[in-house]
Amino acid sequence: MPESTLTVFEKDSFNAEKYVKELVQDCVGGPELQQTKAKIQSHSDTVSSTLKKHVYENYMQFIETAKEISHLESEMYQLSHILIEQRNLLSTLRDESMLDDQKYIIEDQSVDPNVNEEQQNKKAIQLIKESLLGYKGNLDDKVFIYEGGLIELDTNDYRPICRIHLFLFNDVLVLAKVKHDKKLEFLTEYDTKKIAVINIKDLDGVNKNAINVITSDGARIFQCVNSASKLEWIDKFEVAIKFHQLKHKKGPAPQPPTSLKFDKQKSVDSDLLSPSASASVSIIVEKQAPDWLASAPEEIQAEIAQRHFEDSLTLVQKCEEHLAKDSSFANAAEIGEKIKTLKTTLSSVLMQELSSSQSRSLQAALRSSRRPLKLLVEMGKAREACGILLRVCSTAIRTSQRQARRNNLAVSELFFCDVAQVSSEFLRAFSSKASCTSALIVWCNMELQYFASQLIKHYLTKDTQLEMVAKVVEGVREPCSKLTDIGLDLSYHMEGLLRNTLEQLLEEAKYRLVDSIGRTEDVWQPYNLQTKTNLRAVLKEFEAVGVDMLPLVTGDTWINLTQTTVNFCRHFLATAESCAHLAKYDSLKTDAELLLKELFLAQHAIKPHAAMNVDLNFVAKNKTYMSEVLLPIAIARFEKISDKKPDLLAELQLQLRGPPKPKPRSVYKTDVL
């Protein structure tokens, strides 16, 4: 074959059959045809080897390209990381510059040094009220302490949320949002008696110069301009928190506690100048708090900030025990108040830690809750802790239920498995608190009600097929009964929640199924299945449900019943099985039997039209088969599945049999003696 003819194979219009016909016509005799075939085969082998070579080259190039892409991806990741760091740095610089512009409201105003401090306080309050948009509170009787701009951070990942301006007074903390035009919009306010401040340890690349303010709404994290501003805010918060504990004269904001202590000690020293007071002085010196107790509040605060909750609780309990034994030293009340405040702070942080697992899966939430639960139980906060835990579990369970419905998974088994996990974890955590068990029972009932409502909404709607209803109910019953292994018996409650809906579905199914009887006209002739394969399939199908139809087979492909009767037998046995599953609930047994009884009677009462020429013996044979074969098998299957005797069906069976027939008498015997 000439080389130029290879181009014919590359054309889009190439037709193999046409080409072969032309080739056969051109070749003379078998040898030329064999020779042409060999040439074509040679070209085919050449093309195949060339194709393999090209595929191999492409594969090697693909590997090299993949390696280059992998290196490029690594470089892009490094570049992205550098850009993120640069962005964070620029964002920090921008925020700090914004904070510098908006740091103080009062400082920029001119203050007359000749005006007394009370008037300066009033002027400062007036300026604050004028600068706050939307604030309707009363600040006239407050003592202004400190103010400044900060950045509020997200409590989970420390992302900047917005710029905040704080105004700290003696008994209230006012929060305002810094708008784009640098105006202040009022957000909220907190009572300083109910807040606590925690110094957050600086972490490279995450947060710096941040403080955690525990409020009645939860924790709020604020970032200061620098470390000096952070320390200043902590000191001012401490002054505001302790303001109501100290007796102050009217005037400016109170001084830090150290100066108060110094003034008090100075006054005491000035009073104790006589030699007769030397003994009293020595007593005061000896009654000072131990060094470890005096430094305990700072250590507890540091432990809380570093999330060493166990160590902080141990130190709190140690301080409380020491104060209970000996509280005769000078600053015992002050230290005791600090310990009490820090204990409240620790409790709030643990509550927040417990609530923070709300967005996780149930297993992760239960694992993360063990640590704070243990500590809260030791602190006597079991009632509050169990309430938070159960709310977190409710959110996790309902989220998993939505995902399971979306993915078409077994929602019932998942729900009761989750309830079992929550109950086991709850009983383990609160084993020493019997009073918390009632909260678990109430929670189980509430979750069961919600689950039943969702089950009815999504799976037990109107016109749901009876087989699907039985499948759903059986899927609920089995995992629900397994909860008895851990001491929870919710089956009766579950039955009560589903009872009305299931009764309605049974009633609707009864009318629908009975109404469908007789819709198709029966020809009252034996059922011809056309092929032996079809016949074997039907016989095997009925054998699986306990019906032997082999004695009814006639000929090669005939069953000596009508097609309507055969179909009804199949349908009635499936319906009986579904009703038997529902009849496991005692309240549904009568409704399920009534459905089967009316369905059977409706089919049994069908008669051929008077105008039809049918064999009455064949009609009677169909009815006899239904009453003497089908009904007993359905009764047996119903009783086996539901473990209850179907009284209505048994009565129906006796009615269809009629009165007992007398025994046949022999002509060769007589009753006369």
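## Overall composition

Residues 24 or more positions apart account for 65% of the contacts in the protein chain with a separation of 6 or more, where contact means heavy atoms within 4.5 Å. The model is predicted, so local features need pLDDT of at least 70 and side-chain atom pairs count only at pLDDT 80 or more, while totals for chains, interfaces and linings use all residues. Residues are numbered from 1 along each chain as its sequence is written, and side-chain values use heavy atoms, with hydrogens and water left out.

The protein chain has 21 helices and 11 strands. Both are DSSP runs numbered from the N terminus: helices are H or I with at least four residues, and strands are E with at least two. Of the 673 residues of the protein chain, 37% count as buried. Buried means under 20% relative accessible area, exposed means over 50%, and partly exposed lies in between, with a 1.4 Å probe and protein chains only.

## Strand 2 and its partners

Strand 2 covers residues 144-153 and is mostly covered, with 10 of its 10 residues buried. It pairs with strand 3 (residues 160-169) in the antiparallel sense over nine bridges; two strands pair if DSSP finds at least two bridges between them. Within this pairing, Glu147 has Phe167 of strand 3 as its bridge partner. The hairpin of strand 2 and strand 3 has six residues between the strands, and Tyr158 in this hairpin takes a positive phi near 60 degrees.

Strand 2 is also joined to strand 8 (residues 218-223) by three bridges, and these two strands run antiparallel. Here the bridge partner of Leu153 is Ile221 in strand 8. In a regular strand the side chains alternate between the two faces of the sheet.

## Helix 8 against helix 10

The axes of helix 8 (residues 296-305) and helix 10 (residues 332-355) come within 10 Å and cross at roughly 5 degrees. Axes are lines fitted to C-alpha atoms, for helices over the stretch in contact, and angles run from 0 to 180 degrees between N-to-C directions. Helix 8 and helix 10 are therefore roughly parallel to each other. Angles under 35 degrees count as roughly parallel, over 145 as roughly antiparallel, 65 to 115 as roughly perpendicular and the rest as oblique.

On the helix 8 side the contact is made by Pro297, Glu298, Ile300, Gln301 and Ile304, and on the helix 10 side by Lys338, Ile339, Leu342, Leu346 and Val349. These residues divide into seven nonpolar, one polar and two charged. Ala, Val, Leu, Ile, Met, Phe, Trp, Tyr, Cys and Pro count as nonpolar, Asp, Glu, Lys and Arg as charged, and the others, Gly among them, as polar.

## Ser369 in helix 11

Ser369 lies in helix 11 (residues 362-378). At 1% relative accessibility, Ser369 counts as buried. Not counting residues up to four places away in sequence, Ser369 touches Leu354 and Leu389.

Strand 9 is joined to strand 11 (residues 558-559) by two bridges, and Tyr527 stands opposite Ile559 in strand 11.

Gln530 is found in the loop between strand 9 and helix 17. Its phi is near 75 degrees, a positive value in a residue other than glycine, and at 60% relative accessibility Gln530 counts as exposed. Asp463, in the loop between helix 14 (437-458) and helix 15 (466-481), also has a positive phi, near 70 degrees.

## Helix 18 against helix 20

Helix 18 (residues 563-582) and helix 20 (residues 616-642) have axes that come within 9 Å and cross at roughly 20 degrees. The two helices are therefore roughly parallel to each other. Helix 18 passes helix 20 in a right-handed crossing, meaning that the near helix is turned clockwise from the far one by less than a right angle.

Among the residues of helix 18 in this contact are Phe568, Phe572 and Leu573, and those of helix 20 include Met626, Leu630 and Arg637. The contact residues divide into 14 nonpolar, four polar and two charged.

Gly546 has its place in the loop between helix 17 (532-544) and strand 10, and at 51% relative accessibility Gly546 counts as exposed. The C-alpha atoms of Gly546 and Arg637 are separated by 8.9 Å, although the two residues are 91 residues apart along the chain.
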